[in-house]
Amino acid sequence: MEITMKRVFAFVGFSSAITLLVLNTISYNLVKFIFFPIVILLLVSLSVKKLRQGRVLPIAFASMLFACLIFVFCMQGNVLPQKVLDGQTAYAEFHITDIEEKTDDGYMYTVKTDKIDLPNTPQNIKLKLKTSTKINADYYDDLSGQLAFYSYADNGFESYGDYGDGIFVRARLLNYEVISGENKPLNYYIIELRLKIKDIIEANFDEEKAGLALSIFTGDKSILSDDIKNAFKVSGLSHVTAVSGLHISLICLFVYYILKSFRTPKIARTVVTLIILFVYSGVANYSKSALRAGIMISVMLLAKLFNNKADTLNSLGFAVFIICLNPFAVTDASAVLTVTAVIGLSVIKPAFDKEFRPKNKVTAYFYDGLFIGISVLIATLPALWLFFGRVSLLMIILNIIAVEILQIALLSVFLLCLFSGIPFLAFIPKNIASLSLGALIKIADYSEEHFEFLYLNISDNIFGLSIAGILILTAASILINGKANIKIISVFIAVILTVSTAFSIYNYYHNAYVTVCDNGAVFIYDKDSIIVIDADDNSDCYTLKELVGTDNFETALVINSENKMDKITEILPNAEAMPNSENIVSVCEHIEIKNNDGVILASVSDKVFKIDKDYVTINGYTAYRNIYDKFSESKDITFIVSPNMELQLKEG
């Protein structure tokens, strides 16, 4: 695996991205402890002749310094000034800039303000607006209303992608009126196109296939069922449900070579393909992954126009650098995963090919399918640990056939939307899409049902340290020698996955877990059973859903959560409400529970839990149910309870 100095943008882009990842995980007050050491290292690299002539370290440190400056300027110029709005109520003029999201208690709109009636506050800002009812206005209509502003995240990772989209505060809409509805910008027509595509897909497929079709074609998961999301997550196929470089390059190359087959001049087909690229990126809502892929494909198309061969890694580095001009873009999971996946395909896979690729075409086909999965897994492992704490080993095998089926489904949906107004032309792509979408759903469902044990938990800090060690060794080797030994890296990755598999299986069969939510709900569960206590709002139900994932519990008891019983039953289909009177229930051989006038005693894995209205007590350890009493900010806590082990506390 080799990176040469001809790939300057690779050094620039990746150095900037890694620096921003670090800056987005620490407190802003600590940024100076990153900034000043980088300045010193840059000066040292410039003053030492050998390092200066090598150019690698000066370029890397200069890129890191530039990333720090971009981060600081954005925090000082955008984030901190907007945080002043937290807790304030004011009248504002604004317009809706994106399709609304349906929530459990209303709607969430993305809006842009034109004016906020408060002194010494930013005026033209983008924010998320919560409402209990739908706003009766068109996109980009001029609106006026009273907004109650609030802050909800301290960094990009906590914002679930909002910081990356330039959204740093939210607001509740108290009242509004429509002022005017003229002067629609270009993006208005992109939104209309997205809605039209959604209507076409919903009209041609059943609910399950429509949700998957819309997701793989536009990245919109609003009608994708939770069951399918979980199935694709466990099977390691979640990447097919998000528009990435694979999706965009497939559409663009399809258009390019169709035009080429009709002997369209090179300039004309390049221009048309770039227009399709721009429109399709808009259909994908200009996601970070779509922008990264769009920049890379644009560079490659322009290089092809001038008969130059674009270097994949250098083009990727350039795309990453452009994206890093938004310092919070690196906190978007899908963008990081797609970038690391491309690294796997363009750097790790060729290194494997030099050592192992067979010459026989049939054997080489299966080799490519297998080692594409392995290469992508190796490259994306740090991102999977950082964002999800989970990895599916099934992706190595399933990608051999799933990616082929995805390509058929994606192109068929594209052609269906293109020819939707001409029934006899839309008939064939509709049926091909239906068959391929159904095949993807069946593969994911079967994998979830029979191979869930291969969906490994790698969230433990030991794996994070191991991955960090590998990355540091690899980076040091590249900086010093210009290359890294792929065999050694592969061995380390194999060891990490082997250890994580052993930990995951052991924990699955031996541990019990207790999660205390930030507003007091308590979940006690192991591999067979779960006890839900005081899950009384949507936030609790969301946490419960994230915790249980795809687990099918034999027994599920719900205590003091009557008003959310319907919602809990959606998450736990076999959930039963437990009477509030004194009762003793043996949930399984190592869980027993007693409820006496609101004081709950539970024996779990040889540990005794006492839950009252204020505390959770575990063998003498006391945790506040009101997390605000213990911490300065809201966070859930998970206790990992293992026989013959000390009680572990995991905050997050």
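Which residues does I201 touch, not counting residues up to four places away in sequence? The legends below open with the answer. This is a predicted model, in which local features need pLDDT of at least 70 and side-chain atom pairs count only at pLDDT 80 or more, while totals for chains, interfaces and linings use all residues. Residues are numbered from 1 along each chain as its sequence is written, and side-chain values use heavy atoms, with hydrogens and water left out.

**View 1. Surroundings of I201 in the largest nonpolar core.** With contact taken as heavy atoms within 4.5 Å, I201 touches A210, A213, L214, V413 and C417, residues up to four places away in sequence being excluded. The core numbers 51 residues, and I201, F217 and I248 have the most contacts inside it. Among the elements that give two or more residues to this core are α5 (186-204), α6 (207-218), α8 (245-261) and α14 (394-418). The most comes from α14, with 12 residues. Another core, of 31 residues, lies apart from it and includes A17, F61, A153 and F168. A nonpolar core is a set of buried Ala, Val, Leu, Ile, Met, Phe, Trp, Tyr and Cys residues joined through side-chain atoms within 4.5 Å. Buried denotes under 20% relative accessible area, exposed over 50%, and partly exposed in between (1.4 Å probe, protein chains only). Helices (H or I, at least four residues) and strands (E, at least two) are DSSP runs, numbered from the N terminus.

**View 2. The hairpin of β10 and β11.** Strands β10 (residues 522-525) and β11 (residues 529-533) pair in the antiparallel sense over 4 bridges, with 3 residues between them. Two strands pair if DSSP finds at least two bridges between them. I524 has I531 of β11 as its bridge partner. From β10, V522 and I524 point one way and F523 and Y525 the other, and all are buried. In a regular strand, side chains alternate between the two faces of the sheet.

**View 3. Strand β4 with β3 and β6.** Strand β3 (residues 106-116) runs antiparallel to β4 (residues 126-131), and 6 bridges join them. In β4, K130 is the bridge partner of M108. With β6 (residues 167-180), β4 pairs in the parallel sense over 4 bridges. Here K128 stands opposite R170 of β6.

**View 4. Helix α2 and V44.** V44 is found in helix α2 (residues 32-47). This residue is partly exposed, with a relative accessible area of 39%.
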